[in-house]
Structures are given as structure tokens and as C-alpha cells.
Amino acid sequence: MKHVATDIYESGEDYLERILMLQIRNGSVRSIDIANDMGFSKPSVSIAMKKLREQGYIHIKENGEISLTKEGNTIAQKTYERHLFLTSLLEKIGVNPQQAVIDACKIEHDLSDETFNALKKYAGDKKL
């Protein structure tokens, strides 16, 4: 079962998370920013943005600026929190930082809320 209460696909979660990260870093986001940051082609990103817009996760202004809807932001925040926590946890148990980022990205989508919350509690209790 997905960790979000929607039927969004894993790559959709990645895009929403990346939009959030770019908004934090740059203030505004366009498709080209996403393509450059993720190493994807502009046409691939455009197709994904169209799908996310149609699903109600993002708004695209006439000038091309992309913003998250309330639902899109909720998913992005949740995915980003998981990514940061899991990356940190993996590093603290000895995984090199680059591999920790890669593995956290894989894990963040499939981990249940129950397991994620248990990991956070365990890490907090152990002061990892």
C-alpha cells in the first residue's frame, strides 16, 4: 500500500518532491529547471507536468511557473521528510552519503506510514 492517500505514481512523487526542493532553493520553478536538476529531457518533464496538472497536484501559470496545489504540497512535504530522514538515518549507520541518498530515494516511496513512524520513534529513542 502506498504511503499517501492518493493514487499518485512513484515518479509523480519524485517530481512533486523536486518541485518543492527547487522552490526552497530558487523561489520559483519552471519545467526547464526540473529537467536540468533531474537530468531528464524537457519533453519528458513537460508530459509529467501535464499529467500532474490534470491530476490537480500542480498549477502552471501562463509564464510557465509551476506551483504545488495544497494536495501536491502535502505529498511533496511528506516525500521530502522521508527522504531527509532516511538519508540521515542511513548515513548514521555507516552508509556513505552518496549511496544513502540513492537508497533513501528508493525506500521513501514504498515504506508504510506505520514503519516510517516506528523508524522515527526508534531513531529518536536511540539518539542516532
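**Helices, cores and rings**

Guide: Just after helix 3, G56 takes a positive phi of about 85°; please keep in mind throughout that this is a predicted model.

Visitor: How far apart are the end C-alpha atoms of helix 3?

Guide: They are 18 Å apart, which agrees with the 18 Å that the 13 residues of helix 3 should span at 1.5 Å a residue.

Visitor: Now helix 2, which residues are buried there?

Guide: In helix 2 the buried residues are S31, I34, A35 and M38, and they sit on the same side of helix 2 because their arc around the axis is only 100°. Among the elements that cover them are helix 1, helix 3 and strand 2.

Visitor: What is I34 in contact with, leaving aside its neighbours within four places in sequence?

Guide: With those neighbours set aside, I34 is in contact with Y15, I19, L22, V29, G39, V45, M49 and I66.

Visitor: Let's change topic to the largest nonpolar core: which residues touch the most other members?

Guide: Of the 20 residues in the largest nonpolar core, those that touch the most other members are Y15, L16, I19, I34, M49, L52 and I58. At least two residues of this core come from each of helix 1 (10–26), helix 2 (31–38), helix 3 (42–54), strand 2 (66–68) and helix 4 (70–92), and helix 1 gives the most, with five residues. There is also a second, separate core of nine residues, which includes L90, A100, A104 and A123.

Visitor: How many aromatic pairs does the structure hold?

Guide: It holds two. One of them is the edge-to-face pair of Y15 and F40, at 6.0 Å centre to centre with 65° between the planes. Y15 lies in helix 1 and F40 in the loop between helix 2 and helix 3, so this pair ties together parts that are 25 residues apart in sequence.

Visitor: Is Y15 buried or exposed?

Guide: Y15 counts as buried, because its relative accessibility is 7%, whereas F40 is partly exposed, with a relative accessible area of 40%.

Visitor: And which residues form the edge-to-face pair at 5.5 Å?

Guide: That pair is formed by F85 and F116, 5.5 Å centre to centre and with 85° between the planes. It links distant parts of the chain, since F85 is in helix 4 and F116 is in helix 6 (residues 113–126), 31 residues apart. F85 counts as buried at 19% relative accessibility, and F116 is buried as well, with a relative accessible area of 4%.

Visitor: Which residue lies over the face of F116?

Guide: R82 lies over that face, at 4.7 Å from the ring centre of F116.

Methods:
Residues numbered from 1 in each chain as written. Predicted model: local features only at pLDDT ≥ 70, side-chain atom pairs only at ≥ 80, totals over all residues. Heavy atoms only, no water. Core = buried A, V, L, I, M, F, W, Y, C linked by side-chain atoms within 4.5 Å. Buried < 20%, exposed > 50% of the residue type's maximum accessible area, 1.4 Å probe, protein only. Helix = DSSP H or I, 4+ residues; strand = E, 2+ residues; numbered from the N terminus. Contact = heavy atoms within 4.5 Å. Phe/Tyr/Trp six-rings, centres within 6.5 Å; stacked < 30°, edge-to-face > 60°. Lys NZ or Arg CZ within 6 Å of the ring centre and 35° of its normal. Expected span 1.5 Å × (residues − 1). Arc of directions from axis to C-beta.
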